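These are my notebook entries from an afternoon with one model.

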Amino acid sequence: MKGIEQWFEEYGQSHRHPVNVAIHKLAVPGIYLCSLGLLWSLPAGPLPAPLNWAVVAAIPVLLFYLSLSFSLFAGMAGLTALGLWICYQWQGPLLWPAVAAFVLLWIAQFVGHRIKGKRPSFLADLQFLLIGPAWVLASLYRRLRLPY
């Protein structure tokens with residue numbers, strides 16, 4: 001299994017242009033939160049009453065982060081908890097605002113990659129969809145001089 005530094009090195013290869021990086025620092029956490037909103041909007045179906053698909057999906061995602069780094073896991077658990085809290089507190093339909101924001105943020109991502117001239121990393125490996133949020137969080141940790 002790859003270590004966090006190897007993941008970040010590979011992810012960083014297509015994320016060096018300052019405009020692309022700036023777009024990613026805004027869009028990636030937004031896409032993560034929108035994904036929770038989209039999953040929250042799915043009918044719970046067979047799940048027991050306190051659970052929904054956003055919570056169920058968060059479990060393996062957070063275990064993936066835990067396997068890479070405890071401090072990144074802690075930060076992503078915080079972001080996930082924030083996203084779930086927003087979903088829980090949301091007044092009115094959540095699906096269409098989550099879809100609209102998700103689409104707009106992905107368009108921004110592709111604009112950033114167009115500027116950089118490199119394809120998105122996840123086209124080579126879908127796990128990069130999970131590395132992106134950790135990469136953004138790690139850049140925040142570096143600014144705050146926190147270990148990751």
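**Entry 1: L51.** I looked up what L51 touches beyond its neighbours within four places in sequence, and found contacts with A44 and V56 (contact means heavy atoms within 4.5 Å). L51 sits in the loop between α2 and α3; helices here are DSSP runs of H or I with at least four residues, strands are runs of E with at least two, and both are numbered from the N terminus. With 32% relative accessibility, L51 counts as partly exposed. The cut-offs I used are under 20% relative accessible area for buried, over 50% for exposed, and partly exposed in between, with a 1.4 Å probe and protein chains only. I also checked L51 against T80, 29 residues apart along the chain: their C-alpha atoms are separated by 15 Å.

**A note on the model.** This is a predicted model, in which local features need pLDDT of at least 70 and side-chain atom pairs count only at pLDDT 80 or more, while totals for chains, interfaces and linings use all residues. Residues are numbered from 1 along each chain as its sequence is written, and side-chain values use heavy atoms, with hydrogens and water left out.

**Entry 2: helix α1.** Which residues of α1 (residues 4–12) are buried? I found I4, W7, F8, Y11 and G12. They lie on the same side of α1, because they cover an arc of only 125 degrees around the axis; the arc is that of the directions from the helix axis to the C-beta atoms. The cover over these buried residues includes α2 (18–41), α3 (53–68), α4 (70–89) and α6 (128–143).

**Entry 3: the core.** Next I looked up the largest nonpolar core, which has 29 residues. Such a core is a set of buried Ala, Val, Leu, Ile, Met, Phe, Trp, Tyr and Cys residues joined through side-chain atoms within 4.5 Å. The members that touch the most others are F8, Y32, Y65, L72, M76 and I131. Two or more residues come from each of α1, α2, α3, α4 and α6, and α6 gives the most, with 8 residues. I then followed L72: leaving out residues up to four places away in sequence, L72 touches I4, F8, A134, L137, A138, Y141 and Y148. As a general reminder, nonpolar side chains tend to be buried together in soluble globular proteins.

Entry 4: S71 is found in helix α4 and is partly exposed, with a relative accessible area of 24%. Apart from neighbours within four places in sequence, S71 is in contact with Y141, P147 and Y148. S71 and P147 are 76 residues apart along the chain, yet 7.2 Å separates their C-alpha atoms. L140, in helix α6, is partly exposed at 38% relative accessibility. From L140 to K25, 115 residues apart along the chain, the C-alpha separation is 9.3 Å.

**Entry 5: N20.** Is N20 buried or exposed? N20 is buried, with a relative accessible area of 0%, and its place is in helix α2. Beyond four places in sequence, N20 is in contact with S14, H15, Q109, G112, H113 and K116.

**Entry 6: salt bridges.** I searched the whole structure and found 2 salt bridges, each a side-chain nitrogen of Lys or Arg within 4 Å of a carboxyl oxygen of Asp or Glu. K2 pairs with E10, their closest N and O atoms being 2.8 Å apart. K2 is partly exposed at 24%, and E10 is partly exposed at 26%. E9 pairs with R16, with 3.5 Å between the closest N and O atoms, and E9 is partly exposed at 44%.

**Entry 7: the surface patch.** V19, V103, L104, I107, V111 and I115 form a nonpolar patch with about 500 Å² of accessible area together. For patches, I took residues with over 30% relative accessible area and no salt bridge, joining like charges within 9 Å and nonpolar side chains (Val, Leu, Ile, Met, Phe, Trp, Tyr) within 5 Å. Areas come from the Shrake-Rupley method with a 1.4 Å probe, and for residues only the protein chains shown count as cover. Helix α5 (residues 95–116) gives the most to the patch, with 5 residues. I115, found in α5, is partly exposed with a relative accessible area of 40%.

**Entry 8: R145.** Most residues other than glycine have a negative phi. R145 is not a glycine, but has a positive phi of about 60 degrees. At 75% relative accessibility, R145 counts as exposed.
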